[in-house]
Structure formats: structure tokens, C-alpha cells
Amino acid sequence: MKLERIHRRSRGAHAAMAFLIVLLASCGGGSENTESTSRTPGDTALDQTAAFTIGYSQCNRGEPWREQMDSDIESNANAAAGIDIIMKDAQNDALAQQAHVKEFIAQKVDCIIISPKDTSLTQVVADAFAAGIPVIVLDRKVEGDKFTTFIGADNRVIGAAVGKWVIEQLNGEGTVVELRGLSSSTPAVERSEPFRAAIEGTGIAIVYDADMEWLGDKAREKMQAALARLPEPGSIDLVYGANDPAAIAAYYAAKDAGRDEEMLFVGVDALPHEGIEAVRAGILDATFEYPNGAKEAIETALMIKRGEQPPGTITLGTRLYTPENVDSGGKTIE
Amino acid sequence: MVKVGESRLKHLLPTREVAFALAALGLVLILGVAYNARGAFFAAGTHADAFWAIAGFGILACGMTIVILTGGIDLSVGSVAALCGVLFALMTMKNDWPPVLAVAAAVGAGAACGLVNGILVAALRLQPFIATLAMMAFARGLAKSDMVSEGAKIQRMPAPQVVEWFNTRVDILGAKVSIGVFIFLGCFALTLFLLQALRFGRHIYAIGDNAEAARLSGVPVRKTLIIAYTLCGLFAGIAGVLFTAMARQGDPDSGIGYELTAIAMVVVGGTSLMGGRGGVTLTLLGALTIGYLKKILDINRVDTAEQLMITGGIIVLAVLLQSLRRRS
């Protein structure tokens, strides 16, 4: 009786197993969940030269700033003539991203635009470059120089600007909670070190700091821990979140503890629907823009298409948004 | 395990299993006293925060308890919570649905996923691991699909009123206790009632103990299992709404690994993965144990990496102690 029952159940199990294997195979362990090609209208008539194909590798669409980057890449590509974009999102998995670049090399794309998760992408970028495919690196750096162009805002300028602004706001004296980005990513280091250098020697002290890995959820946990360790009202004067989601999450953590009025909140990124909204809504006291470089990336790709030699580095500027200037486009920082 | 004719009241009194779960929680609390991070552990706010952090996972664990008691498992709760949370965000932040309708729809979606799980397991006889693994993938895909979120986070600043309502804090003895905690305790009470006061609960235990014997003695196995998985999905929906409210945003990438936390809470509490023994009181204690451990590690600034390793070690320790107790 028992044997029969096992056999009956296992038939269902085999079918489910087969279904699941097909399902998992098509998922491919966390690789592309967005793949789209875009073509400008009227292009097919002019198809003597094939469209310029760009392989665009995004490390993690799950972050709003990167989602904005994706949407800007797509809109800029659509506005230009004769560009096909293949977008692949690695969902924050470095190995998956390496696989995507290898796929682009195999597909012999005309150009690669990559925003790498971290420096572990250096080798595969170098491979693409050696295979004769121009590579534009966006936002996070890879090591060495085996790529065509690096486009990024200067996070060090932003870090120093934040430091200067904080010193002004606190009149040179006060306590700061610093919520840093993912320690293995260059922007995290570049937004933190100049900030700390700027406040060095002033009466401003960092009383709590943590790595929130660029995630709002982690930032909230770390802020709660900070609030627990520093329960006296007024023991925290300012929270510096290395990106806006962190600063916003810290605000909500403080609000839930009834302490949001005691401190200032400053973030970085200034996305239209996030940081800027937050400044308007009175959640953040300031945010510094970190432009995503999508427009410049497509312009550079067009340069390459025309056979011109693009510059090795393109550095983007930043803007400061506060409640006073948020509706007038912020203030440019040199 | 409930035998016919046995007093129901007996199950509400502390048993050896409850005593062990209390001891485990006690050990963690002593750890907190020892490593109190310059008094932070004694602050009322720290405890309110600990409960707040546990609330969502605890709700998942309540549903998980019911399913595990039948000898099954539900791996989809994390994805279903994410899906329901995103739907809730879609309705309240991108559109302006009436709050009660939005909550009901989101929770209903969770129950619907649970119902599908139940049908796959009970009627189509798929193994729970496989059926719920498939739902885990499906729900995640649906949450990230173009008709729901397009893979992007959904938020509005400032957050809508209904979202802020879920974040209201009630002052109790100087601690600001979140509404989420009360929702969790309500789910706990409901689960306790279902498992201990209703015939449904006796059926659940009977199926977990020996499904064939239960069927032969007249237990409606198929119906009971379908209800069990539907309830688990329903709780995942409630948890999803709460998680979204707490984060003030709908994140289609949230909830990853939450099913493992829920399972850990059930297991550390003392309920057997084989089914038939345990209960939701144990799960509550397990939830507190794991939740307080995380809070203690957080206030002592232990890095995420070390926290994960320590939590893994604690789970193994807890299960080992329980198995030793059973053998004795």
C-alpha cells in the first residue's frame, strides 16, 4: 500500500521537476530580466548600413538612480538616429554581468556601454576592448585603462561639497551620522573620504557610521541602531546618506522614533522622483546631484559611430538642491 | 499531537517544548544584557524597534507554522509578500484607491497565491517544496512584470495617509510601539485560535503526524491542506502590506530570503519540520529569539557578514538542542 502511494506521488513530482527545470533554465541564474531593442522610425528604409548596435550592461536596475539611467539611455538612444540598444540587467550579480558582456562580445555588438557592479568586471571589459569593441564605462570604475571612455561625475567633488555645506549648516560644530555606500564600490569611498577630510579639524564629529550597501532597507536598520546608541535628544545633528534612499530611510527611522525634527538630512543623487521630491516634501534638507551620464554616453557612442576618437574621461558636474532652490533648478557647484 | 477526547486546554499550558523555547530566548536576552551597547539594550525604544523589525517576519512565520505542522513547507512567502506589497503600493501610491479596498485587494492576492499552492499540493499531489518553489518564481516574476511594477520601485513623497497609518506608534510605558506589532500579535492570536480551538487545528496536527491515518479516520485532508496553504498566502499578503508601509515604497525586489527567516523562526521555536508537533506559541518565541539576536548584533555594530554567520550558527545550535531533548 505504502509503495503504491509513493509511486503515485512521485509521478506528480516528476512532472513538476521537469516544469521547474525548464523554468529555472530560462531564468538562467539571475541574468537578464530586461531585454529590449529600440529602433527609430523610418530606419528600415535607410538600411544600407546596418544600425549601430550597442550592448548596454546595467549592474542593478533595482536602484532608482540606475532605473533613471536605463530610462535616460533608452530615451537618448531613441532620439538619435540608427541606434539599436540591447539592455541587460544583472540584478546586482557580478558574475551574471560578466556573462552579459561575454554575450555581447559573442554577438559582435558595435559598442558596449557598461555600468559595472565593481572592479571584478575589469577583465571582461578588457577582453571586449581587445576584441575591437569600444567600451564606454559609466559611473563605477574598472581598473587599468583597457576601455575607450569613462564617464562619471566626480564623487570626490561631491564629497567635498557635502563637507563644506555641513560645516556651514552646523557652524563648524556638531555630531554626524554617516551612512556610507557599499565599501567595495568606488563612489562609496569617493563620497566619504573628502567629506571626512573637509570636516577634519572642525568641531564636527562622526558619532556613528555604517555601510548600508546603497540600500534603503539596510540604511533604516543602521539608523535605528544609531538612534538606539544615541538616545539623548540632540545627540545627532545631521545624517549624511551616501545616496538619497539612505537619507530618506534614515529620516523615516528618525520620524518613527519621534526625532526627525532634531536633525538635518542630506543625500546624494537628486533624482527627479526621489531626492528632489524628498526635498520638496520636506524630508531631505539637501541633496547633491549625481548625474548618470546617460546622455553623454549616447553622444560618445555616436562619436564612435562617426569614426571620431572620444576623450578618455568625461567628468560631469554637480548641483545642490535645497528647499529654497529646488523649484528653480538648484545651484551649480564647481 | 492532539488525540480525540483530549482536553484542548492542555495545549495552552506551558509544555517542555515551550520551556525550551523560553530558555533559548532567555539566553539571547542575557546576551543582550551582557553586550548592552552602553545601555542601549535597556532603552524602551530598542525593544519597540526590535518588535517592529520582527512584526512582518512574525506574520510570515504564523502562516508558515500552519503549513509546516502538516509536514509541508511554503517557499513562496517572500515572493508573495513582495507581490502583495507592490500591488498595495500600486493602488495607494500610483493610484488613489480607497485604503480599505487597497489592503483587502493586496491581502486577497496573497490568499489567491496560497490557494494555488494548496491546490497544487493537495489536489494535484505535487510535493510542497516543488509547488511553492514554482510559486516563488511566478510571484516574483509577476511582481516585476510590466503590468505591475516594470521592475521599478513605487513610491510617493510624502507617503499616503494609509501608509503612514501603518507606521503610527502607540505610547506604551514610554516605548513607542508600532501598529505593525499589534497586527503581528493579532495574527498570532488568530493562528493560535485556529490551531488550538477549532477542529481544523486537530486536523492539521493529524495530517502532519500521519496523513494516511488521518485520511482513514475521516479527516478531510485535501480541504484542510488547501485551507492551510491559503492561510499561509493570506498571512504573506498581510506581511507584504506591512513591509511596504514600513519602507514607504513598493519594491518588487524585496522579500528575497524572507521565507528562510520565517522558517528559521518556526524551527528555532521548536516546531518539527516533519510535521505533527509544535505550535505557534513556539514560533512566537522563536521569532523573538531571532529578532532580538539581530537587534543585539545591530546595536553592537556587528557587520552584516558576521551577523549572517552567527545567525546560521544559532539556528544549528537550537535545532541540535531540540533533537537531543527529543531523544532523551
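1. In which helix of chain A does A:Pro245 lie? The residue belongs to helix 8, which covers residues 244-256. The model under discussion is predicted, and the remarks below should be read accordingly.

2. Leaving aside residues up to four places away in sequence, A:Pro245 touches A:Pro64, A:Gly216 and A:Ala219. A:Thr202, 43 residues from A:Pro245 along the chain, has its C-alpha atom 28 Å from that of A:Pro245.

3. As to the chain overall, chain A comprises 10 helices and 13 strands. Of its 334 residues, 49% are buried. Where contacts link residues at least 6 apart in sequence, 70% of them join residues at least 24 apart.

4. An open sheet in chain A is built from 6 strands, in the order 2-1-3-4-5-11, with parallel pairing. Its edges are strand 2 (83-89) and strand 11 (313-316), each of which pairs on one side only. From one strand to the next, the twist averages 15°.

5. Strand 1 (residues 52-58) of chain A runs parallel to strand 2 and is joined to it by 7 bridges. A:Phe52 has A:Ile83, in strand 2, as its bridge partner.

6. Helix 3 of chain A, residues 94-107, lies across strand 1, strand 2 and strand 3 (111-115). The direction of helix 3 is at about 170° to strand 1.

Note on methods
Residues are numbered from 1 along each chain as its sequence is written. Chains are lettered from A and ligands numbered from 1 in the order in which they are written. This is a predicted model: local features need pLDDT of at least 70, side-chain atom pairs count only at pLDDT 80 or more; totals for chains, interfaces and linings use all residues. Helices (H or I, at least four residues) and strands (E, at least two) are DSSP runs, numbered from the N terminus. A residue is buried if 20 or more other C-beta atoms lie within 10 Å of its own, exposed if 12 or fewer, and partly exposed in between; C-beta atoms are placed from the backbone. Two residues are in contact if their C-beta atoms, placed from the backbone, lie within 7 Å. Two strands pair if DSSP finds at least two bridges between them. Axes are lines fitted to C-alpha atoms, for helices over the stretch in contact, and angles run from 0 to 180 degrees between N-to-C directions.
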